[in-house]
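Biologist: Could you walk me through this one? I'd like to start with the overall picture and then go into details.

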Amino acid sequence: AHCWYGRAVIILAVINGGLGLQLARNTRGGEIAYGVVAGVALLVYLGTTAYSLKTNKTQEKDKEEPRGV
């Protein structure tokens, strides 16, 4: 449960940052820059999470199947 809670909090933090920029009445350029940086960071985060899940699944499968003799 802790892993999924952390993932949800990270995504909500990105959304909160964008809403904070609107509340602070930041310039349009600042909002665009935040969107680009946050979008790239979110894609990197989702990519590493997907890779981690795939790697863990592969390792579990290797543990279950005995190697050929």
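Biologist: What share of the residues in the chain is buried?
Modeller: Buried residues, meaning those under 20% relative accessible area with a 1.4 Å probe and protein chains only, make up 7% of the 69 residues in the chain. This is a predicted model, where local features need pLDDT of at least 70, side-chain atom pairs count only at pLDDT 80 or more, and totals for chains, interfaces and linings use all residues. Residues are numbered from 1 along each chain as its sequence is written, and side-chain values use heavy atoms, with hydrogens and water left out.

Biologist: And how many helices and strands are there?
Modeller: The chain has 2 helices and 0 strands, taken as DSSP runs (H or I of at least four residues for helices, E of at least two for strands) and numbered from the N terminus.

Biologist: Is Arg-7 buried or exposed?
Modeller: Arg-7, which is in helix H1, is buried, with a relative accessible area of 18%.

Biologist: Which residues does Arg-7 touch?
Modeller: Not counting residues up to four places away in sequence, Arg-7 touches Tyr-45, Thr-49 and Leu-53, a contact being heavy atoms within 4.5 Å.

Biologist: Switching to charges, which residue forms a salt bridge with Arg-28?
Modeller: Glu-31 does, with the closest N and O atoms 3.5 Å apart; the rule asks for a side-chain nitrogen of Lys or Arg within 4 Å of a carboxyl oxygen of Asp or Glu. Both residues lie in helix H2 (residues 28–64), 3 residues apart, about one turn of the helix.

Methods:
Buried < 20%, exposed > 50% of the residue type's maximum accessible area, 1.4 Å probe, protein only.
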